[in-house]
Amino acid sequence: MNQQPKVLVIGLGLIGASFAKALKSRHAAYVYGYNRGAGVAQQAKELAVIDEVVDDLQSLPPLDCIVLGVPVLAIAPVLEQIKPALSGLTLLTDVGSVKGEVVTIVQQTLGELPACFVPGHPIAGAEKSGLAAANETLFDDHMHIITPLASSSAAAIELVTQLWQACGADVISMSVEKHDEVLAATSHLPHLLAFSLVDTLSRESENSEIFKYAAGGFRDFSRIAASDPTMWHDIFLTNQSALLAVLRRFQADLSQLEQAVEQGDGAYLKQVFTQAKQSRDHFSDLLAARKKKSQ
Ligand SMILES: NC(=O)C1=CN([C@@H]2O[C@H](COP(=O)(O)OP(=O)(O)OC[C@H]3O[C@@H](n4cnc5c(N)ncnc54)[C@H](O)[C@@H]3O)[C@@H](O)[C@H]2O)C=CC1
Ligand SMILES: O=C(O)C(=O)Cc1ccc(O)cc1
């Protein structure tokens, strides 16, 4: 594309603002921004995260692409407002952590799956949220998963790939179903466990007094329990079946560990811990290889 594409980011929080900032700083797009509530988009302009503020989703400038950077259950009300602008668009995409339910929401809200629509999910983030957490290098050397649909046009797939590559991401493609299964296991379950553990421990001691005595292991494990409650509320409600499947497998394994502790079955404990260590060491090697490749 000779001219810079014109991109509107709706939802200027951690992911939307990081994406906008990465595109703008790398001169990969002319970036408009919209956020509900007074002031956020204006602040984004002042911080050079976006080029221009959009005040009203019902009167949009000519655009090539709209990126939905809002929590999953905020997508439907936003789509209702931008419906009229979708006909001239090359690309409509999102960054939601769940894909199946986003596809259903788009289909139900628009009455069809438009050719411009390609679902997406950056596999990069943090426990922080909001515009203040925006970081233009957030996506460097991270995967961006797209789940193109039978209805997605070649032009839409090309533009989504080009934009995320410009932000430093490795764009990979997979089915909606595989995405939701894999992410339930590697992201949604660990977040559920972290929320649950920190909640349990905080109720066990007044003013979370026991946290004073926690070491690095607890810090590492519990970091993600500081993640945004609204965002995770939406994820757990919209990836219900994949999450329940992996949660039930985990609960069965946890019960076996409980029994082993109860019965003093050290051999079983050692076998589980050894297997887990091998898997984690393999994961560290993968991360190191990815880092090396990008240097
Ligand atoms: N936080 C993370 O690490 C990651 C999040 N995601 C996904 O990205 C999406 C956004 O997450 P974050 O950026 O972390 O959240 P965030 O809370 O930092 O940002 C969301 C932004 O959307 C705005 N917003 C909410 N409802 C709106 C509406 N109806 N109209 C206009 N603006 C609205 C909020 O005011 C906020 O500025 C979610 O769908 C999440 O699943 C994907 C990858 C990583
Ligand atoms: O903070 C972390 O370690 C994360 O795992 C961030 C994250 C949260 C949600 C996603 O869909 C993808 C990445």
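Predicted model: local features only at pLDDT ≥ 70, side-chain atom pairs only at ≥ 80, totals over all residues.
1. Now the geometry of the pair. Helix α6 covers residues 176-204, and helix α9 covers residues 240-262. They pack at an angle of about 60°, and their axes are 9 Å apart. That angle makes α6 oblique to α9, because the roughly perpendicular class runs from 65 to 115 degrees and the roughly parallel class lies under 35.

2. Which residues in α6 meet α9? They are D180, E181, A184, A185, H188, L189 and L192. On the α9 side, the partners are A242, L243, V246, L247 and F250.

3. Next, ligand 1. There are 29 residues around ligand 1. G11, G13, S97, G125 and S129 come nearest. The largest share, three residues, comes from α1.

4. What is the make-up of the shell around ligand 1, in nonpolar, polar and charged residues? The shell divides into 16 nonpolar, 11 polar and two charged.

5. Where does ligand 1 lie relative to the domains? Domain 1 spans 6-174 and domain 2 spans 179-264. Both give residues to the shell, so ligand 1 lies between them.

Definitions and conventions: Residues numbered from 1 in each chain as written. Chains lettered and ligands numbered in written order. Axes fitted to C-alpha atoms, helices over the stretch in contact; angles between N-to-C directions. Helix = DSSP H or I, 4+ residues; strand = E, 2+ residues; numbered from the N terminus. Parallel < 35°, antiparallel > 145°, perpendicular 65-115°, else oblique. Contact = placed C-beta atoms within 7 Å. Near = placed C-beta within 6 Å. Nonpolar A, V, L, I, M, F, W, Y, C, P; charged D, E, K, R; others polar. Domains from an automatic or database assignment.
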